[in-house]
Amino acid sequence: MSEAINIFEVNGALDTAGLAEEFARNRRIQIRNVLTDPTAEALRAALAQTTPWGMALQAADGEPQDFRVEELRQQAHAQRAQALNKEVHEAAAKGHYSFRYARYPMVRAYQEGWNPGGLHDVLIEYINTEPFLELVRQVTRIPELKKADGQATLFGPQHFLGLHQDQQLEEGWRIAYVLNMTALEWRPDWGGYLLFFDDDGDVIEGFMPRFNTLNLFAVPQHHAVSFVPPFAPQGRIAISGWFRDR
């Protein structure tokens with residue numbers, strides 16, 4: 001590890017055989033208490049206190065746009081982000097795929113040396129260690145999983161992720177994941193749920209963003225993150241990405 005930070009330890013008491021049976025039924029699962037309690041709480045606090053949140057936006061079929069927090073403090077970038085916000089609303093109203101949420105792109109930050117050896121670099125390394133990779137291999141029964149990417153995400157008021165499927169199979173994407181690090185109490189009417197849909201548009205399953213849970217689902221599947229209303233008093237913090245076979 002780049003730095004001795006005790007923020008990530010897999011819970012050794014998990015029943016991986018039972019979890020694998022559950023995953024096999026619908027190709028998705030929410031694993032509760034995935035990390036040990038002390039490391040989960042340390043990670044939650046560190047993410048909330050130290051993540052320099054930028055913004056990610058996409059309107060219709062355009063390319064996703066990322067703004068670093070430093071850029072959002074600059075007038076030109078802030079005006080562009082504001083204009084994109086309007087485009088996001090218009091695209092969503094027409095039923096086009098769109099999204100808006102805060103994020104810190106951990107892989108890009110790692111590769112470009114934004115903060116060498118810092119929390120997010122250490123975290124992406126932890127996610128790619130054998131204990132965590134082996135847990136996901138055993139639960140999904142996909143032994144060829146080799147690595148994972150990741151981004152820190154914050155869904156605050158008026159943030160959402162539109163209905164879509166993750167289909168970048170050429171990138172080796174096999175399993176999408178969401179490691180929830182939201183504060184301990186969450187209310188259903190605050191949104192931020194990971195929702196799964198059938199071909200008729202009905203919700204067939206939904207996962208609350210419970211603290212210290214790991215959502216895993218095979219791709220592609222129709223899914224979205226539900227709209228977080230303006231009255232939600234806290235944001236949905238998570239680490240998300242894909243486990244890959246190459």
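Guide: Helices (H or I, at least four residues) and strands (E, at least two) are DSSP runs, numbered from the N terminus. Helix H3, residues 69-72, is one such run, and Glu70 lies in it. The model is a predicted one, in which local features need pLDDT of at least 70 and side-chain atom pairs count only at pLDDT 80 or more, while totals for chains, interfaces and linings use all residues. Residues are numbered from 1 along each chain as its sequence is written, and side-chain values use heavy atoms, with hydrogens and water left out.

Visitor: What is the relative accessible area of Glu70, and how is it classed?

Guide: Buried means under 20% relative accessible area, exposed over 50%, and partly exposed in between (1.4 Å probe, protein chains only). Glu70 has 39%, so it is partly exposed. Its C-alpha atom is 21 Å from that of Ile239, a residue 169 places away along the chain.

Visitor: Which residues are buried in helix H7?

Guide: An α-helix has 3.6 residues a turn, so residues three or four places apart point the same way. H7 spans residues 130-140, and its buried residues are Phe132, Leu133, Leu135, Val136, Arg137, Val139 and Thr140. Just after H7 comes Arg141, with a positive phi of about 60°.

Visitor: At what angle do the axes of H1 and H7 cross?

Guide: Two packed helices are described by the angle between their axes and the distance between the axes. Here the axes (lines fitted to C-alpha atoms, for helices over the stretch in contact, with angles from 0 to 180 degrees between N-to-C directions) come within 7 Å and cross at roughly 55°, H1 being residues 16-26. H1 and H7 are therefore oblique to each other; under 35 degrees would count as roughly parallel, over 145 as roughly antiparallel, and 65 to 115 as roughly perpendicular, with the rest oblique.

Visitor: Which residues in H1 and H7 meet?

Guide: Contact means heavy atoms within 4.5 Å. On the H1 side Thr16, Leu19, Ala20 and Phe23 take part, and they meet Leu135, Gln138, Val139 and Thr140 of H7. By class this contact has five nonpolar residues, three polar and no charged. Ala, Val, Leu, Ile, Met, Phe, Trp, Tyr, Cys and Pro count as nonpolar, Asp, Glu, Lys and Arg as charged, and the others, Gly among them, as polar.

Visitor: Where is Arg27, and where is Asn212?

Guide: Most residues other than glycine have a negative phi, and most peptide bonds are trans. Arg27 has a positive phi of about 65° although it is not a glycine. Arg27 sits in the loop between H1 and strand S1 (28-32), and at 37% relative accessibility it is partly exposed. Asn212, also not a glycine, has a positive phi of about 60°. The loop that holds Asn212 runs between strand S10 (203-207) and S11; with 1% relative accessibility, Asn212 counts as buried.

Visitor: Which residues does a cis peptide bond join?

Guide: The cis bond is between Val219 and Pro220, with omega of about 5°. Pro220 belongs to the loop between strand S11 (213-218) and S12.

Visitor: Which residues does Gly235 touch?

Guide: Leaving aside residues up to four places away in sequence, Gly235 touches Leu154, Phe155, Gly156, Thr182 and Trp186. Gly235 is in the loop between S12 and S13 and is buried, at 18% relative accessibility. From Gly235 to Ala48 the C-alpha to C-alpha distance is 9.7 Å, although they are 187 residues apart in sequence.
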